[in-house]
Amino acid sequence: MKKILVANRGEIALRVMRTAKEMGIKTVAVYSEADRGALHVRYADEAVCIGPPPSSQSYLLMDKIIDEANRLNADAIHPGYGFLSENPVFADKVKAAGITFIGPTGDAMRTMGSKIGAKQAVEKFNVPMVPGTKEALRDINEGKKIASNIGYPVLIKASAGGGGKGMRVVNKEEEFEEQIKLAQGEAKSAFGDDAVFIEKYVGSPRHIEIQILGDNFGNIVYLFERECSIQRRHQKLVEEAPSSCLTPEIRKAMGEAAVNVAKACNYTGAGTVEFLVDEQLNFYFLEMNTRLQVEHPVTEQIVGLDLVKEQIRVAKGEALGYTQNDLKINGHAMELRICAEDPLNNFLPDIGRLNTYKTPQGYGIRVDDSFEEGMEIPIHYDPMIAKLITFGSTREEAINRMLRAIDDYQITGIQTTLSFGKYVMQHPAFLSGNFDTKFIEKHFNPESLVPSYSHNAQAALAAGVLFNNNTATDVKDSNQPSTNSSRWIQQRKTY
Ligand code: MV4
């Protein structure tokens with residue numbers, strides 16, 4: 001492998017190119033007209049503009065990207081996350097063009113892309129699942145019978161879904177028919193597929209996912225877990241590894257279940273198996289993400305592996321070269337997603353220019369970003385501007401380092417989730433490790449951020465101005481999309 005085309009932008013494009021460079025592999029950047037001045041374009045050995053700003057006319061153009069790879073003699077394509085990364089048609093087309101796709105096969109993506117298909121595939125592989133159906137619901141009355149057998153509340157989910165779309169909680173039989181129809185309608189319009197299925201509703205779960213890695217010789221290992229329970233509208237904001245709640249026994253059982261999920265679809269490369277974990281630490285397979293994830297750095301920090309390097313080695317046909325026993329957790333890593341969003345104002349996306357942009361430095365800190373001071377945040381793409389990762393020998397050390405790093409991070413010109421991160425890192429529930437996916441709902445409202453600003457008169461004043469625009473209902477309903485932001489927010493993809 002001599003040259004990789006990176007079919008992505010932003011921090012992940014840079015992240016992939018850095019590893020390629022270390023491995024002596026040349027890189028090709030593709031970019032939209034909005035990204036002419038972007039850092040991934042400057043960093044690559046070659047760069048080619050593939051179209052106008054909207055991703056449908058640039059980063060999602062499969063044939064155009066493959067043509068450019070051929071023209072520039074790239075022998076592999078790395079898709080990053082988002083965009084084409086989980087598109088089986090793209091993986092197949094890349095392969096058919098004689099180019100190495102750095103990721104799993106199209107078939108593995110197809111199996112896991114359907115939630116019903118995934119459940120059916122893993123059924124014989126000893127993977128715990130939430131009680132529920134493994135087939136698309138056909139008939140309302142049959143559905144009601146199933147739901148009452150499972151016991152209310154139940155959750156209706158879209159098979160093609162992701163990021164919580166087409167998901168509906170049903171509390172009692174009288175609501176069943178209406179909610180099924182709403183879920184099917186939502187699924188049809190969002191995914192063009194109205195297949196839904198039923199599961200027992202787990203009330204306040206934790207979201208814990210297992211990183212796995214497989215080669216082309218049937219070797220599959222797990223690289224332990226990431227805890228991703230601090231989310232808002234299915235958008236993760238804080239991730240850490242390892243989780244503060246697992247015992248060594250449960251960690252091993254979850255890791256082995258994740259390996260079985262990977263076996264069920266002959267998975268190769270890096271992938272993530274998502275689980276729900278309930279209060280009694282029962283765990284249930286949710287779905288598999290067939291890509292490198294945003295939060296992969298926390299895993300890299302605790303296992304000492306470069307996941308992009310492992311992806312490339314596997315794609316080149318190399319064997320993993322280590323077994324499960326060789327892998328150990330070393331220390332603790334935290335990640336905060338720094339997004340151009342205003343936590344004081346219902347996490348509304350905030351666009352603008354990075355008037356000041358100074359990243360924190362020093363021992364145990366890693367910043368994966370793709371901006372420099374003075375740059376504009378393009379409105380066309382994901383609002384994540386950086387990932388701030390800290391590493392320590394203990395969870396406490398990683399948290400204290402994160403607090404220091406947040407304080408040292410200087411960003412002006414836009415509002416960011418830095419202040420939210422500081423709030424989380426000081427919250428008793430987070431510090432104790434006793435939290436779940438309802439953390440924001442249970443513990444966060446914009447007033448929470450005032451104390452952390454109190455040393456800064458100007459910011460405190462700005463916060464005060466914003467509060468006057470925030471009604472009490474905005475605060476209480478902070479989990480609902482606000483009227484003026486919902487359109488934009490709902491169009492957003494979650495990774
Ligand atoms: C669930 C659940 C409770 N019970 N399934 C949300 C997105 C999709 N990947 C699965 N999700 C959930 N599935 C059952 N049977 C609760 C969620 C859920 C959730 C899961 C992980 C992280 C954050 C979440 C936020 C709301 C709901």
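How many salt bridges does a search of the whole structure find? The search finds 38 salt bridges, a salt bridge being a side-chain nitrogen of Lys or Arg within 4 Å of a carboxyl oxygen of Asp or Glu. The model is predicted, so that local features need pLDDT of at least 70 and side-chain atom pairs count only at pLDDT 80 or more, while totals for chains, interfaces and linings use all residues. Residues are numbered from 1 along each chain as its sequence is written, and side-chain values use heavy atoms, with hydrogens and water left out.

**View 1. The shell of residues around the ligand.** The ligand is surrounded by 17 residues, the closest being Lys 157, Glu 199, Lys 200, Val 202 and Glu 287, where a residue counts as near if one of its heavy atoms lies within 4 Å. By class, this shell holds seven nonpolar, five polar and five charged residues; Ala, Val, Leu, Ile, Met, Phe, Trp, Tyr, Cys and Pro count as nonpolar, Asp, Glu, Lys and Arg as charged, and the others, Gly among them, as polar. Domain 2 (131-200) and domain 3 (206-491) each give at least three residues to the shell, with domain bounds taken from an automatic or database domain assignment.

View 2. In the case of Val 202, a backbone N or O atom is 2.9 Å from a nitrogen atom of the ligand. On its own the ligand has 520 Å² of accessible area, of which the protein covers 89%, as computed by the Shrake-Rupley method with a 1.4 Å probe. The elements that give two or more residues to the shell are β6 (154-158), β8 (196-200), β12 (269-277) and β13 (283-289), the strands being DSSP runs (E, at least two residues) and the helices likewise (H or I, at least four), numbered from the N terminus.

View 3. Most residues other than glycine have a negative phi, and most peptide bonds are trans. Phe 224, which is not a glycine, has a positive phi of about 65 degrees and is found in strand β10 (residues 220-232). With a relative accessible area of 8%, Phe 224 is buried; buried means under 20% relative accessible area, exposed over 50%, and partly exposed in between, with a 1.4 Å probe and protein chains only.

View 4. Side chains of opposite charge can pair when their charged atoms come close. Asp 63 forms a salt bridge with Lys 93, with the closest N and O atoms 2.8 Å apart; because Asp 63 lies in helix α3 (residues 62-71) and Lys 93 in helix α4 (residues 88-96), the pair ties together parts that are 30 residues apart in sequence. Glu 318 forms a salt bridge with Arg 313, the closest N and O atoms being 3.0 Å apart, and another with Lys 316 at 3.8 Å, N to O. Arg 313 is buried at 14% relative accessibility, whereas Glu 318 is partly exposed at 30%.

Notes:
A polar contact is a pair of N or O atoms within 3.5 Å; within protein, one must be able to donate a hydrogen and the other to accept it, and residues adjacent in sequence count only if both atoms are side-chain atoms.
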